[in-house]
Amino acid sequence: MTDKKAAPISRRNFFKKAGTAGAAIASGTTALAVASDVLEGEAYSDALKEYFQKHYRDMSKDEVKAALARIERKAKRKHGVDITVENTAPYAREDTVFGYALNISKCKGYRKCVYACVEENNLSRDPEIHYIRVLEMEKGSMDLEKSNHYFGEDPVPKAGKFYLPVQCQHCEDPPCVKACPTQATWSEPDGIVVIDYNWCIGCHYCVIACPYWARHFNWEEPVIPKEEINTETHYLGNRPRERGVMEKCTFCIQRTRKGKMPACLEACPTGARVFGNLLDPKSEIRYILENKTVFRLKEELNTEPKFWYYTD
Amino acid sequence: MRNSEKQTMAVIGAILFLGLLMGVSLLLSQFVVAEAQEKETSQIQTEDSASSEQEEEDKEEEEDEEDEEEEEAVELEPGFQKVVDEVRAFWKRESESEIEELVISPFRVPPRKEQYEYYPCMDCHEEQEVQPERELTEEHEDLVLDHGKQRFWCLTCHFAGKEKNYLRSLKEQKIDFNESHLLCGQCHFERQKDWLMGAHGKRVGSWSEERTILLCVECHNPHSPAIKPQLPDPIPKGIREIRMERSNQPHKIETKHELIKVWDRIALKYKNERTK
Amino acid sequence: MRLINFFWDVGLSVFRGGKLYFALLTVFGLVALLGFFSYIKQYQLGIMGHGLGEEVSWGVYIANFTFLVGVAAAAVMLVIPAYIFNIKRIKEVVLLGEVMALTACIMCVLFILVSLGRPERLWHILPFLGKLNLPTSMLAWDVIVINSYLILNLLIPLYMLYIKYCGEEPNFKIYFPATLVSILFAISIHTVTAFLFSSNVSRPFWNTAILGPRFLASAFTSGPAILIIAFQMIRAKSTYWIDDGVIKILALITTVALQINMFLLAVELFTEFYRQTDHGASAQYLFFGLDGHNQLVPWIWTAIALNTIALLILSVHKLRESPRFLNTACVLTVFGIWIEKGMGLVIPGLIPSPLGDIVEYTPSIYEIGVSVGIWSIGGMIFLVLAKIVIGVEKGRIKYIPR
């Protein structure tokens, strides 16, 4: 055989080999991923389908339905609870963009919102994950670095302090969405920034990108007592999460898209929180934006948060 | 069927209309009402009579209807009337035009009267007289009056006579318990405007449907309105605390040291410079 | 058939070698195994297995990644003189440089892999199957450039080795364009990695335009320094002779790059400390400690001391020309840059957190285990590849028609 003729054949062989090697590695990881789920009692077909589940926005209606059913089955097996997973579409799609306003003269730092959120959104109790962090701020200063996150040994409000709860600001130009390498997080048509927990690869880059410390990572399998699980869930919201993925505040997508108020607002004992439709000129939030002194946190970063703070 | 129904409705409507007119004329004989106000009430009455369902309800609760009429008679300060008009203009929606639980408010408040243990007051006070002293010794002694820096007493807001089922405005007008914000708004008018518009207080239920807001007294005890300091919910556990807890190490959640206040820091600097 | 022969011969050569070679391979292999078990253990332990947390979610893995990207990019300092200017004595070692870049790239990918929460979902970033977030995500760009650079650095040396193996002259039309592309990618992997950090408005410490130049400067310091160390070792322990001129050129590059690097650092520090704004808080934490937290302070001063000593040694011609001083300076600067650009850049950027909380980071033993494991995998790969390269270059592995 002459070399010139032999070369292409062997090259083809080489690519074939490389191809098979690649396929072997791919199937190996798949098998490993699927096997670990199956070992935990998952049905083989469910585990396989979950592994190959498409991005939420690429799924057809039937595929979404199947995915929702799979999540319900998994929750039943893992937590022993019958949950309902929905994928309620954006509320009044054309003319609703959610906004939030918070009256910092009224917030007294009771942290009711923090734990209402934990219960509503099926947040891990151990290790703790909180979507809302209430900062105890020094009066006379807006320096976040002088804030105290861990107040609470004495009754609040304390003299000389004011309180600034921070959660996801649902930016119009979210740095996290820009940063995510897999498009696992995006802005919904109603302005809510959501995550597809089944698509996230857990690279932490959004945590790094977020200026509001709003994105939280499941370092471990989240632990929630069975009886405390909120069974009314949304695919993009409070459905049970797994380890190794990001999660964040979704303005209680499972509630607000049905017209209800977010859990943090309902729990607030001082009425400091206002939620509504920014596009509706006759809404409370619009009244506040148009008539009150408002500010946004770190507005200079040009992320256009849809979360305003105002004072009396 | 339809015709006969319509006829009966018309008859009932006419009777109710007459009844309302009588009520108004009675009221007119009792109070001197400005002409403009009179026009407004008659307008509202015609609106009322337009919707037949409401009228049937009205018929069932004649007492309430009377109350309403009396409430309408609450004379609003010109300044407040302006606010009310503003609120109406802001909040009035076509879909909500039928919802008129309160006279002036285009929104709903969760009714308050049902929540009171002793309401209606006249059930007891029919016989029991009001104690003339400022110190409460026989009934209601659990009430602590810490409002208005001792300038108020019971009769600032409550009636001594037969109108005890109502609150008493500074002008001695009757104010329904479900509309107590009118009373609070006499002094706290700015807060009241915020509340009416949605910048203060709390909306409950839904952000999209009919607007339901909590009355002032749902959160503030009217006799002692300042909200007292209380212990907050648990301190969040950071990753440090979780690690220490799990490895059974003694730990305390780290709290930052007391920071020097901005003004103190600046004052200190100037003081130091001057002592030089 | 020749290609198969080539792979066969190359494959065989891996299993033939001296005692030192196998001893090193065994040690590296054992440490890599340790790293693997550390990873498993870390996974099982969750939070207890990590030193990371909600505030500091990038740690040693990304620090090493950043450093290694620099090492990978530095191969370009051999590639340019070898292929573009056709300097013969550098051409003899350029393959070693490219192999070093390949090793560094593989290590980069490994460091990213172990820092993922869901590594098995990696198919989500594959072309066509997944959804790579282009053009906005800097991490997506990094995935592209690093993998492209990896593939280029796999294919170019493979081609050159194969040609040498066959005893032919390389085809200019094939290797030259590929080399040009690889030079572009070498610059871009480092710039994109710098953008990966500097694009974050949330982290003022990183959010500075000087980060890109600083990355390049430090890359061209540490990369050639590592190459010098590797070449000195190869010179000492194998029969392959590397020309003094090569070492001299590399030493000069290291020197100039280190000078620039120190200058850029000084510029950076001036901006941070002239007006101590909020932006300076991270620098304050790094260099002097913040609110009683000062874990990184000794590290960064060590790095600065190491770099300064190295700078002094390298800047004096006589000292630089003495092999002993040169080697010391190279070791010092590699460690110095490793701290400055790894731990000293990644971690303080995350402290204080965007909400002003200060949570310090200490790598867990498992993280250290995994990192050491990956370094040994890197060592193993470089050892094997260098052996192959030397074998081919020296003509020990060549095509014999059967």
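1. Let me start with C:Phe128, which is exposed at 86% relative accessibility (buried is under 20% relative accessible area, exposed over 50%, partly exposed in between, with a 1.4 Å probe and protein chains only). Its phi is positive, near 70 degrees, although the residue is not a glycine. C:Phe128 sits in the loop between H6 and helix H7 (138-166) of chain C; helices (H or I, at least four residues) and strands (E, at least two) are DSSP runs, numbered from the N terminus.

2. A word on conventions: this is a predicted model, in which local features need pLDDT of at least 70 and side-chain atom pairs count only at pLDDT 80 or more, while totals for chains, interfaces and linings use all residues. Residues are numbered from 1 along each chain as its sequence is written, chains are lettered from A and ligands numbered from 1 in the order in which they are written, and side-chain values use heavy atoms, with hydrogens and water left out.

3. A:Lys298 also has a positive phi, about 50 degrees, without being a glycine. The loop that holds A:Lys298 runs between strand S11 (293-295) and strand S12 (307-311) of chain A. Is A:Lys298 buried or exposed? With a relative accessibility of 18%, A:Lys298 counts as buried.

4. Chain A has two peptide bonds to look at. A:Asp126 and A:Pro127 are joined by a cis bond, with omega about 0 degrees, and A:Pro127 belongs to the loop between helix H4 (112-120) and strand S3 (133-138) of chain A. A:Val156 and A:Pro157 are likewise joined by a cis bond, with omega about 0 degrees; A:Pro157 falls in the loop between S3 and strand S4 (161-166) of chain A.

5. Do look at H4(A) while you are there. Seven of its nine residues are buried, so H4(A) is largely enclosed by the rest of the structure. Among them are A:Cys113, A:Tyr115 and A:Glu120. What do the buried residues of H4(A) pack against? Their partners in chain A are S3, helix H7 (253-256), helix H8 (263-267) and strand S10 (273-277). After H4(A) comes A:Asn122, with a positive phi near 50 degrees.

6. For chain A as a whole, the model has nine helices and 12 strands. Of its 312 residues, 62% count as buried. Among chain A contacts (heavy atoms within 4.5 Å) between residues at least 6 apart in sequence, 65% join residues at least 24 apart.

7. In chain C, the axes of helix H3 (residues 60-74) and helix H6 (residues 94-115) come within 8 Å and cross at roughly 160 degrees (axes are lines fitted to C-alpha atoms, for helices over the stretch in contact, and angles run from 0 to 180 degrees between N-to-C directions). H3(C) and H6(C) are therefore roughly antiparallel (angles under 35 degrees count as roughly parallel, over 145 as roughly antiparallel, 65 to 115 as roughly perpendicular and the rest as oblique).

8. Finally, C:Ser353 is buried, with a relative accessible area of 3%. C:Ser353 is placed in the loop between helix H14 (323-349) and helix H15 (365-393) of chain C. Neighbours within four places in sequence aside, C:Ser353 contacts A:Trp213, C:Glu55 and C:Arg203.
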